[in-house]
Amino acid sequence: MIVTHAYRFALDPTPGQARALLRHAGAARVAFNWGIAQVKANLGQREAERSYGIAEADLTPSFGWSMYCLRKAWNTAKREVAPWWAECSKEAYATGLDQLARALKNWSDSKRGKRKGPRMGFPRYKSKRKTTPSVRFTTGTIRLEDDRRHVTLPVLGTIRTHEPTRKLHRRIAAGTAVVKSATVRREAGRWFVSFTCEVERTDRTPSRADTVIGVDLGIKHLAVFSDGRPRAENPKHYDTARRKLGRLSRTAARRLGPDRRTGQQPSKRWQRADAARNRVHYHTANLRRDALNKLTTSLAREYGTIVVEDLNISGMLKNRRLARVVADAGFGEASPRPTSSRPVTRSSATTSSRWPTPPASRRPLPRPPHRRRPWRAGPARRATRRGRPDPRLRPRRPSRPSHSSTPARAWAQTGRHHTEHAATAAAERETAIRPTPPTSARGNTPACSQPRILGFSAAAARSTPPSRPSAACPAASRPIAPEGASPTWVRRASGVVPGPGWGSRPWACG
C-alpha cells in the first residue's frame, strides 16, 4: 500500500546559507502579513459602506481568500510591497499565502459551524521575534545527493546534513518513495528539513490481530494495560532536568539580557547562556517524544485494537498543582500516536469516553418544548414526562440544630426540616378528617363541626396565617385548613410536629 510519510534530517548550513534560510522564512512572513492587511481592509471597507446604507450590489468587490486569488493579487503588488522579491524563491511567498488561505478557511468554517473542535479566531499578524522560521518548497530542484550527506533545495543550493540520509535515499533509488515537498524549519537554534514522500510499504499485520487492549494513562505509572502487560513507568524527564535548568537559568539571569522597553541589546554571554538553557529544554522534549514513540509503536505492532483513555488534558493543565506533572507525562502526545501507526501496522486505535454511559432504562428522555411540558395544579404536584416525581421537590435533610437564642430563627433553620419529613410521611392521607370535638356548654351542638382537610399546596398555607384560639374553646378557634393548604401548614398550626418556639405555646394542642 502507498502511505504518506515524512523523513526529517538535521542540517549543518554555512553562515551564508543560514542567512538565506532566514531570508526565505522572512519572505513567507511578509507575504502572510500583507495578505491579512488586504483582507482586513476589504472587510472594513465593505462594513463601512453598509453602515452608510449602500446597497449590497454596489459595495466594493470582496477580496478573494483562496490560494489562487491571493497569489494573483500578490504577483500584481509584489514589486511595490517587496522590491527585493527576486532574491528569494517564489515558493517562499507561496508558503505565506497558503498558510493565510488555510487560516481564513478554518476561521470561516468554524464561524459557520462546519469545523469541529474549539472555535477558531481571525488570523493575526506574525511577529518577527515570536514566529518560528519555516518555508516549504513544492516545486523546483528537490533531491538527495548520492553521497547521502547533502540535500539540494531551490535557490538555496546544496546544504550539508548533520546526519546521513541513507534511509530515504535507499527507497528513492529503489523506486518505492517519491518526494512531494520539503519543509525547512528552525527549532532550538538548529535547522531541520522534512521531506514529505509517498512511500510504498508492505501491509503489516499485528502479531495479535484479534486482541483488544485498554490503556489507562496516569502520573505514577505512565500507562497501565488491561491484559496484565507490565506497567510503563513514568520517566519524568523534566523533573530529572529541573536542577540543571535552574542552574542555567540563574546563570542567564546574571547576564545582560535584552530589554524591549529601553532597546537594550543582549550581550554575547547572555546569548550563550540562553542557548545552553534552550538545549536542555530541547533535549528533554526529545527524550519524552522518543519514549512515547517507542511505547505506542510496540503496542501498534502487537495488538489489533487499542483503546486509549480519553482525558480532558486542557482542563487538567489549568490545575496549578497538576500542570507540571501532566505536561511532563505528555498525555497529549501519547493518545493519538497509535492512530498514526495504524496505516503501517493495520491496528485500529480508539478512545474510551470519559463519561460512563447509563443503561437505556436510566437515560433521560429529550426535554420537550415549554408549551408541551405536562403541568399539574400546585408546585407539589409537578410531574415529569415519565410520571416520576420531580427530584427538585425531594425533602431536605435535617441540618445541624441552631444554637441561636431567638426561637423564630431557630425554627427557620431546624423546625422547617422536621416538619417537611413528617409531612412526607403523612402525605398519603389525602383527605384525613379529625374526630368531632366536644359539645359546647350552651347546648348539644358541637362547637367545632367543621372537618379539617390535610394535604394541599404550600402557596395557600403561606397566604393564610394561623389564628389565636379563644379561652372558651381552643378547638373552636383552631385555624381551619383553607382550600389548597399543605400538610406542613396544618401540622404547624395543629402542633403535631412542633418546632422550637412553637410547642410551648398554649394553643398548640392536637
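Buried means under 20% relative accessible area, exposed over 50%, and partly exposed in between, with a 1.4 Å probe and protein chains only. This is a predicted model, where local features need pLDDT of at least 70, side-chain atom pairs count only at pLDDT 80 or more, and totals for chains, interfaces and linings use all residues. Residues are numbered from 1 along each chain as its sequence is written, and side-chain values use heavy atoms, leaving out hydrogens and water.

**Stop 1: I2.** Select I2 in strand β1, residues 2-10. Strands (E, at least two residues) and helices (H or I, at least four) are DSSP runs, numbered from the N terminus. I2 is exposed, because its relative accessible area is 61%. Then pick C197, 195 residues from I2 along the chain; their C-alpha atoms are separated by 9.8 Å.

Stop 2: Go to the loop between β3 (143-144) and β4 (150-153), where R148 sits. Phi of R148 is positive, near 60 degrees. R148 is partly exposed, at 29% relative accessibility. Next, select V155 in the loop between β4 and β5 (157-160). Its phi is also positive, near 65 degrees. V155 is exposed, at 57% relative accessible area. Why flag these values? Most residues other than glycine have a negative phi.

**Stop 3: R279.** Finish in helix α6, residues 268-302, by selecting R279. R279 counts as exposed, at 52% relative accessibility.
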